[in-house]
Amino acid sequence: MNEDQLNSTPTCHKVLKYLIPSLSGLVSVKYQAKSEDPSETHPLQTWSFVAAILSYTLLFLATKQLQNRCHKYVDILNGVAFASGVLSSFSLLSLLLPCYPLIFISSLAHLSILLQVLSKILQSEAFSAILFI
């Protein structure tokens, strides 16, 4: 994958490129003077962030790899990757604003929809044929 492919990302991914590190930095600042660790006090939000950011990264890279081979699935994977990025942002936001549980509940609902869509994509025969070309 060359630098031009990585730079030709949609605007929504460019927003996440700056939003996620900014929120992560704010979480670090919020918890730096405290003896509590956010992964201990909010394990569900922390693990959902880890899962969402990993899936975002993997799906984003898969989108870039498949961009020249199969345009049919690139848009779907791009949407699912963006949804994962949004979920990771919601998870970090729920660490910053723990008094608003609706943020995290909505992000969990988002995650369940995301996992259903992703499982349907991965189970499709056409997608598995693309991976083994």
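Helices here are DSSP runs of H or I with at least four residues, strands are E runs of at least two, and both are numbered from the N terminus. The model is a predicted one, so local features need pLDDT of at least 70 and side-chain atom pairs count only at pLDDT 80 or more, while totals for chains, interfaces and linings use all residues. Residues are numbered from 1 along each chain as its sequence is written, and side-chain values use heavy atoms, with hydrogens and water left out.

Let's start with the overall picture. The protein has 7 helices and 0 strands, and along the sequence the pattern reads α-α-α-α-α-α-α. Of its 133 residues, 38% count as buried; buried means under 20% relative accessible area, exposed means over 50%, and partly exposed lies in between (1.4 Å probe, protein chains only). The protein exposes about 8100 Å², with 66% of that supplied by carbon and sulfur atoms; accessible areas come from the Shrake-Rupley method with a 1.4 Å probe, and for residues only the protein chains shown count as cover. A contact means heavy atoms within 4.5 Å. Among contacts with a separation of 6 or more, 76% are between residues 24 or more positions apart.

Now step inside. A nonpolar core is a set of buried Ala, Val, Leu, Ile, Met, Phe, Trp, Tyr and Cys residues joined through side-chain atoms within 4.5 Å. The largest such core has 17 residues, and those with the most contacts inside it are Ile-20, Val-27, Tyr-56, Leu-59 and Leu-92. Helices α2 (11-32), α4 and α5 (71-96) are the elements that give two or more residues to this core. Of these, α5 gives the most, with 7 residues.

Together with Val-50 and Leu-54, Trp-47 makes a nonpolar surface patch of about 330 Å². Patches are made of residues with over 30% relative accessible area and no salt bridge, joining like charges within 9 Å and nonpolar side chains (Val, Leu, Ile, Met, Phe, Trp, Tyr) within 5 Å. A salt bridge, in turn, is a side-chain nitrogen of Lys or Arg within 4 Å of a carboxyl oxygen of Asp or Glu.

Further along α4 comes Ala-62, which counts as partly exposed because its relative accessibility is 25%. The C-alpha atoms of Ala-62 and Ala-81, 19 residues apart along the chain, are separated by 9.4 Å. Lys-64 is also found in helix α4, and its relative accessible area of 3% is why Lys-64 is buried. Between the C-alpha atoms of Lys-64 and Leu-77, 13 residues apart along the chain, the separation is 9.7 Å.

Next, look at the loop between α3 (38-41) and α4 (43-66), where His-42 lies. His-42 has 16% relative accessibility and therefore counts as buried. Leaving aside residues up to four places away in sequence, His-42 touches Tyr-31, Leu-95 and Pro-98. The side chains of His-42 and Tyr-31 are also joined by a polar contact of 3.4 Å, where a polar contact is a pair of N or O atoms within 3.5 Å; within protein, one must be able to donate a hydrogen and the other to accept it, and residues adjacent in sequence count only if both atoms are side-chain atoms.

Our last stop is Ser-106, in helix α6 (residues 101-123). Ser-106 is partly exposed because its relative accessible area is 34%. Ser-106 and Phe-90 are 16 residues apart in sequence and 8.4 Å apart in space, C-alpha to C-alpha.
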